[in-house]
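Dear colleague,

Please read the notes with the coordinates open beside you.

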Amino acid sequence: MMAVAEASQESLKQRLNVSGGHGLKGTLRVSGAKNSALVLMTASLLSSETVELTNIPSLTDIDGMSAILESLGVQVDRASDRIRLTAAELSGSAPPYELVNSLRASFFSIGPLLGRLGHARVPLPGGCRIGARPVIEHIRGLKALGAVVNVEHGIVSASVPGSRKRLSGAQIVLDCPSVGATETILMAAVLAEGVSTIENAAQEPEVQDLANLLNTMGARITGAGGPVITVEGVERLRGCSNYPVIPDRIEAGTFLMAAAITRSPLVVEPVIPEHLSAVLQKLRDCGCSIEINGRSVTITPGEIHAVDITTQPFPGFPTDLQAPFMALMCTAKGTSVISEKIYENRLQHVAELQRMGASIRLESSTAIVEGVAQLSAAPVTGTDLRAAAAMVLAGLSAKGITEVSGLKHLDRGYDDLEAKLSSVGAEVKRNIP
Ligand code: EPZ
């Protein structure tokens with residue numbers, strides 16, 4: 001019986017067969033940013049009018065967020081890369097735990113729910129493979145805005161005490177520049193009474209995109225993208241139409257690294273260059289020439305040599321590109337030191353790369369990568385969304401056919417990766433056993 005159970009379990013596990021050694025040629029198109037689209041969708045909770053977003057990527061996480069918002073009473077209409085969200089009648093119920101647990105961004109909905117309704121109940125998101133991922137900063141900020149917040153039986157309940165329904169503006173200083181906490185607090189503060197400031201705010205482009213959407217809906221936010229954000233609370237927010245989600249800087253960076261690891265000249269677009277400054281600099285430092293024409297980036301790899309990276313909050317080198325860059329450094333000349341400073345457990349792809357012949361030594365949160373002449377294909381697993389992408393990149397360079405499993409992670413953050421890579425000459429096939 002056990003063998004049958006395992007076999008059926010196995011048959012559910014799709015995998016990508018990546019055959020290495022093919023050069024790439026042409027243009028790779030970048031989709032809308034997952035980590036912006038998800039939070040912009042939760043912002044629709046702040047208005048009773050329809051919010052329409054465009055350039056929405058086709059990802060399982062977007063499906064998951066749509067289901068969560070529908071469970072809250074939001075009407076969701078999706079057509080290709082366009083989504084219309086109408087939160088006219090909210091049910092006030094808590095989104096289901098299993099959905100929230102798999103989709104961290106849904107926890108951020110506690111901010112707009114509290115701002116709009118004066119109360120909210122949202123399951124505490126679990127940790128994940130890359131770290132504990134607490135939400136202490138999110139809760140601290142909501143309390144500073146006047147909410148009473150309790151965490152019981154895995155549910156975070158927040159409410160505005162007494163007869164008031166509105167939060168009160170406050171000065172908030174984050175202990176760490178958390179992206180999610182900045183976004184959650186921002187969405188709670190826009191309908192609060194009075195002025196709020198968020199200091200030590202996250203400066204990621206996705207935070208800026210959220211502030212731009214909220215201002216389009218009638219909010220009064222200044223300073224987003226910098227360390228101090230100021231919000232002047234308003235009574236209500238209107239809807240909006242045709243708001244375009246920014247291009248996905250992490251997908252773009254992954255594609256640039258696919259070009260570098262296969263030593264192929266490639267065009268990647270659209271890219272907002274200032275969203276990738278640290279990454280473009282490291283690609284130049286390791287031997288690639290980078291040409292920028294508006295929102296189009298052309299990368300021409302030379303001989304790739306080792307450079308060091310340390311992941312940091314924006315505008316530093318993004319943690320979400322640490323694994324793909326490590327795959328590239330496995331094929332570089334020389335030794336690179338890769339330090340992961342954002343998450344406590346985001347180096348699990350090291351073991352998978354070692355299976356492909358990479359020479360990597362781990363010292364707590366640092367990987368010392370000695371480049372090798374040639375990686376060799378092997379069956380490997382993507383242990384998180386970005387590690388899965390790193391294994392595909394390693395497969396593009398390795399001798400033989402690399403079987404990458406863990407695609408449920410990959411499909412969360414990359415819109416049809418195999419079709420895009422195949423369109424520029426890679427041999428990547430999804431094997432549904
Ligand atoms: C966002 O997660 C992204 N996800 C992550 O992308 C990204 O890695 C991360 O920002 C950092 O850039 C979405 O936007 C949906 P954080 P978020 O709160 O908001 C610690 C991907 O692959 N921290 O900025 O959860 C935390 O433990 C995903 O697309 C606290 O210590 O990230 C982590 O170590 C993965 N206390 C660090 O800060 C807190 O209260 C960054 O977390 C909150 C966070």
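In the second largest pocket there is about 240 Å³ of space, where a pocket is, on a 1 Å grid over the protein atoms alone, an open set of points with protein on both sides within 12 Å along at least five of seven lines, and lining residues have an atom within 4 Å of a point. This pocket is lined by 14 residues, of which K13, S405, G406, L407 and K408 are the closest to its centre. Helix α14 (residues 407-413) contributes the most to that lining, with four residues, helices being DSSP runs of H or I of at least four residues, numbered from the N terminus. By class the lining has two nonpolar, seven polar and five charged residues.

The model is a predicted one, in which local features need pLDDT of at least 70 and side-chain atom pairs count only at pLDDT 80 or more, while totals for chains, interfaces and linings use all residues. Residues are numbered from 1 along each chain as its sequence is written, and side-chain values use heavy atoms, with hydrogens and water left out.

The largest cavity has about 50 Å³ of space, and its lining includes R249, E274, H275, F314 and P318. Helix α10 (residues 277-285) gives the most to the lining of the largest cavity, with three residues. The second largest cavity, with about 30 Å³ of space, is lined by P247, D248, R249, A252, V271, I272, H275 and L276.

As for the ligand, 22 residues surround it, the closest being R104, S178, G180, D320 and I342; a residue counts here if one of its heavy atoms lies within 4 Å of the ligand. Polar contacts (pairs of N or O atoms within 3.5 Å) can be listed for individual side chains: an N or O atom in the side chain of S178 is 2.7 Å from an oxygen atom of the ligand, a polar side-chain atom of N35 lies 2.9 Å from a ligand oxygen, and one of R346 lies 3.2 Å from a ligand oxygen. The protein covers 86% of the 830 Å² of accessible area that the ligand has on its own, by the Shrake-Rupley method with a 1.4 Å probe. Helix α6 (136-144) gives the most to the shell around the ligand, with three residues. Because domain 1 (2-31 + 247-431) and domain 2 (34-237) both give residues to this shell, the ligand lies between them; the domain bounds come from an automatic or database assignment.

With best regards

Methods: Polar contact = N/O pair within 3.5 Å; in protein donor to acceptor, adjacent residues only side chain to side chain. Helix = DSSP H or I, 4+ residues; strand = E, 2+ residues; numbered from the N terminus. 1 Å grid on protein atoms, 1.4 Å probe; cavity = no way out; pocket = protein on both sides within 12 Å on 5 of 7 lines; lining within 4 Å. Points joined across faces, edges and corners; volume = space filled by probe spheres on them. Nonpolar A, V, L, I, M, F, W, Y, C, P; charged D, E, K, R; others polar.
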